Amino acid sequence: MLGSLDPRRVGAFGWSKGGTATACATLADERIRAGLSLDGPMQMNPPLAGDLDRPFMMMSAVFNRATDPEAAALWSHLRGWRLNIQAQGAVHVSYGDNEALFPQVAKLLGWSGQQLQDVIGTLDPDQAVKIQQAYPLAFFDEHLRHRRGHLLDGPSPAFPAVTFLP
């Protein structure tokens, strides 16, 4: 439909290597006004050649700044609005459909609770899905639609597993 896309409000996001690609694309293409990484490993080759001055958010699980030098290196190149959150009990696959699908698969295949936990972590699957819906929406609403909410301001009682990393 004519007029349904606004090239002044382009955002990008990706999971895993897609999060890394999002960081690279956001740095390279100024049309991308905001970028979000869902547990991206940030293994950039070649390393970033500049700083990113637009909003960027990292939703971490395994690849967090405290334990991952590549994530820490990206963080040091973020000069615009930035935020890094982590869901306690999340694993790498927690920011995707796996949280909703694997419990169903586990029932069909007769997995033990431990087998399921080994795959999707200890974060409650329903809470994981709500987190992966609410936080990206709040980020893009704020930075592309200029609709300021308060979810990104700090911890929320609605999402007790989410930690704001300093």
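A helix is a DSSP run of H or I that spans at least four residues, and helices are numbered from the N terminus. The legends below describe close-up views of a predicted model.

**View A. Glu70 in helix α2, and its separation from Asp141.** Helix α2 covers residues 69-76, and Glu70 is placed within this helix. Glu70 has a relative accessible area of 31%, so the residue is classed as partly exposed, because this class lies between the buried limit of under 20% and the exposed limit of over 50%. Asp141 stands 71 residues from Glu70 along the chain, and the C-alpha atoms of the two residues are 28 Å apart. Asp141 has a relative accessible area of 16% and is therefore buried.

**View B. The salt bridge between Arg145 and Asp141.** The closest N and O atoms of this pair are separated by 2.8 Å. The two partners fall into separate classes of accessibility: Arg145, at 42% relative accessibility, is partly exposed, whereas Asp141, at 16%, is buried. The structure holds eight salt bridges, and the pair formed by Arg145 and Asp141 is one of them.

**View C. A network of salt bridges that links Asp6, Arg8 and Arg9.** Asp6 takes part in both of the contacts described here. In the contact with Arg8, the closest N and O atoms are 3.0 Å apart. In the contact with Arg9, the corresponding distance is 3.6 Å. How exposed is Asp6, in terms of relative accessibility? The value for Asp6 is 23%, which means that this residue counts as partly exposed. Arg9 is also partly exposed, with a relative accessibility of 44%. Arg8 has a relative accessible area of 65% and is therefore exposed.

**View D. Helix α3 beside helix α5.** Helix α3 comprises residues 98-109, and helix α5 comprises residues 125-144. Two packed helices are described by the angle between their axes and by the distance between those axes. For α3 and α5, the angle is about 160° and the axes lie 8 Å apart. The pair is therefore roughly antiparallel, because angles over 145 degrees are placed in that class. The crossing of α3 and α5 is left-handed.

**View E. Helix α3 beside helix α4.** Helix α4 is formed by residues 113-120. The axes of α3 and α4 are 10 Å apart, and the packing angle is about 155°. With this angle, α3 is roughly antiparallel to α4. What is the handedness with which α3 passes α4? The crossing of α3 and α4 is right-handed, while α3 passes α5 in a left-handed crossing.

**View F. A nonpolar surface patch made of Val105, Leu108 and Leu109.** Together, these three residues present about 320 Å² of accessible area. Leu108 belongs to helix α3, the helix that packs with α5 and with α4. The relative accessible area of Leu108 is 75%, so this residue is exposed.

**View G. Ser16, a residue with a positive phi.** Most residues other than glycine have a negative phi. Ser16 is not a glycine, yet its phi is positive, at about 60°. This residue is placed in the loop between β1 (10-15) and α1 (17-28). The relative accessibility of Ser16 is 15%, and the residue therefore counts as buried.

**View H. Met42, another residue with a positive phi.** The phi of Met42 is about 55°, although this residue is not a glycine. Where is Met42 placed? Met42 is found in the loop between β2 (32-38) and β3 (56-60). Is Met42 buried or exposed? Met42 is buried, with a relative accessible area of 3%.

**View I. Leu36 in strand β2, together with Thr22.** Leu36 lies in strand β2 and is buried, with a relative accessible area of 0%. Leu36 and Thr22 are 14 residues apart in sequence. In space, the C-alpha atoms of Leu36 and Thr22 are separated by 7.0 Å.

Note on methods
Residues numbered from 1 in each chain as written. Predicted model: local features only at pLDDT ≥ 70, side-chain atom pairs only at ≥ 80, totals over all residues. Heavy atoms only, no water. Patch = residues over 30% accessible without salt bridge, like charges linked within 9 Å, V, L, I, M, F, W, Y side chains within 5 Å. Areas by Shrake-Rupley, 256 points an atom, 1.4 Å probe, with all protein chains shown as cover. Salt bridge = Lys/Arg side-chain N within 4 Å of Asp/Glu carboxyl O. Helix = DSSP H or I, 4+ residues; strand = E, 2+ residues; numbered from the N terminus. Buried < 20%, exposed > 50% of the residue type's maximum accessible area, 1.4 Å probe, protein only. Axes fitted to C-alpha atoms, helices over the stretch in contact; angles between N-to-C directions. Parallel < 35°, antiparallel > 145°, perpendicular 65-115°, else oblique. Left-handed = near helix turned anticlockwise from the far one by under 90°.
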